[in-house]
Amino acid sequence: GPMSTPRLLRERELGGRGRGGASLGFTPGCVRQLQLAGPLERSDREEMGYLSHAGCVNCVTWNEEDDGRTLVSGSDDRTIKVWDTRDLHNVRLRATLLTCHTNNIFDVKFVPHAGASQLVSCGLDGQLRLHFLGGRGAEALLLGENAEYGDMIRSFTFWDGESVGAGPSTVLTAQEDGNVTLVDLRAGVHHNRIIYENTSSNGAFRTSVNVLAVAPHSVAPNCVAIGATGPNISLIDMRMMVVHGMRKPQPVRYYRPSFFDDESVDSFSLSVSSLVYSKGDNELLANYQDSMLFTFNTRCQDQVVPHKAVYGGHVNHQTFLKQAAYFGPRDEYVMCGSDSGHIWIYDRHTRRVANLLRADRHIVNGCMPHP
């Protein structure tokens, strides 16, 4: 059974990692005792420097380069808020960015290796924007825009594309028009490149299928997982653009829950809310809207890889933005938000609910473990 804290301490003294599958401080008993430190808003928020968003909060991201001392959030109110999280029991608002977005913000992240001085955001207006903090104020630069087509950018990810001639500060966008666009932060908006088109065939007609999530493999960054409307998650190899001279790489593998075959499931009744790789990238975690959490073995070389594990109990129906994440030093748990206003934490190995935290009066879109 799970190891107690004294036994884990003893194992560490002897140089072992323990046999219980949990790191010190992340045993099932410890996780069951997790509680909320408090919201980023209080009745004394003016005195304490708190100021909540005026709309739904769609995304949060820690700055991993300063060990989680800074948190950013994006909202339907079109603002980005930067929070000082050095004291988790006294979180303070550091800055509010009045962005140039004209509609809801769906995703915001710190630019890697920029010292917490730059942010990238995207949203319903189809815009991808670069924001400069600090001495340059809240200045913003437009990186890409799909507004003329009425297509939103659902999310984005940073991708280290140096191996195929791109820069380390490259962004891959997930778009409503079914495209994945490569954006180099160092270049102008006119240098953006569509590298993947997600389409569906119906006889002689081909239609675009929304792309909602993009996740690069950190160990093999040429491999990128793409989640969209429908049960399939596509894996593309970016080297095909250069080595094989292809304008756009085609899927080399698919991940699909084994009981969601194309014949029995309406392809538009499911969609992938988020994708994230585990540490070591031997597993892919997918959050499906109107379904459950699934993991896939990324070492499997089959053309269609079935799911490895499934986690259910939460409700993912009312919004398409719900994140999922691994939790623990060795990814001992998986977690996600729910329409019930709870954060669900599942034991990754037993698949049981490890904790259920009431985090909101309405819907929890995302949960992000402290780095």
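Me: Among contacts between residues at least 6 apart in sequence, what percentage join residues at least 24 apart?
Reply: Happy to start there, with the reminder that this is a predicted model. The protein has 3 helices and 27 strands. Among its contacts between residues at least 6 apart in sequence, the share that joins residues at least 24 apart is 46%.

Me: Thanks! What share of the residues is buried?
Reply: Buried here means under 20% relative accessible area. The protein has 371 residues, and the buried part of them comes to 51%.

Me: Good. Which residue in β10 does Trp 159 stand opposite?
Reply: β9 pairs with β10, residues 170-175, in the antiparallel sense over 6 bridges. In β10, the residue opposite Trp 159 is Thr 170.

Me: Now the largest nonpolar core. Which strands each supply at least two of its residues?
Reply: This core has 19 residues, and those touching the most other members are Ala 225, Ile 233, Tyr 255, Leu 275, Leu 284, Tyr 288 and Phe 296. The strands that each supply at least two core residues are β15 (211-216), β16 (223-228), β17 (233-237), β19 (271-277), β20 (283-289) and β21 (293-297).

Me: Which residues does Ile 233 touch, leaving out those up to four places away in sequence?
Reply: Ile 233 is among the core members with the most contacts to other members. With residues up to four places away in sequence not counted, Ile 233 touches Ala 225, Ile 226, Arg 253, Tyr 254, Tyr 255, Val 272, Leu 275, Leu 284, Ala 286, Tyr 288 and Phe 296.

Me: One last stop: β15. Which residue in β16 stands opposite Val 214?
Reply: β15 is mostly covered, with 6 of its 6 residues buried. β15 and β16 form a hairpin with 6 residues between them, and the two pair in the antiparallel sense over 5 bridges. A second, separate core of 15 residues includes Val 211, Ile 226, Met 238 and Met 241. In β16, the residue opposite Val 214 is Ile 226.

How values were computed: Residues are numbered from 1 along each chain as its sequence is written. This is a predicted model: local features need pLDDT of at least 70, side-chain atom pairs count only at pLDDT 80 or more; totals for chains, interfaces and linings use all residues. Side-chain values use heavy atoms; hydrogens and water are left out. Two strands pair if DSSP finds at least two bridges between them. Helices (H or I, at least four residues) and strands (E, at least two) are DSSP runs, numbered from the N terminus. A nonpolar core is a set of buried Ala, Val, Leu, Ile, Met, Phe, Trp, Tyr and Cys residues joined through side-chain atoms within 4.5 Å. Buried means under 20% relative accessible area, exposed over 50%, partly exposed in between (1.4 Å probe, protein chains only). Contact means heavy atoms within 4.5 Å.
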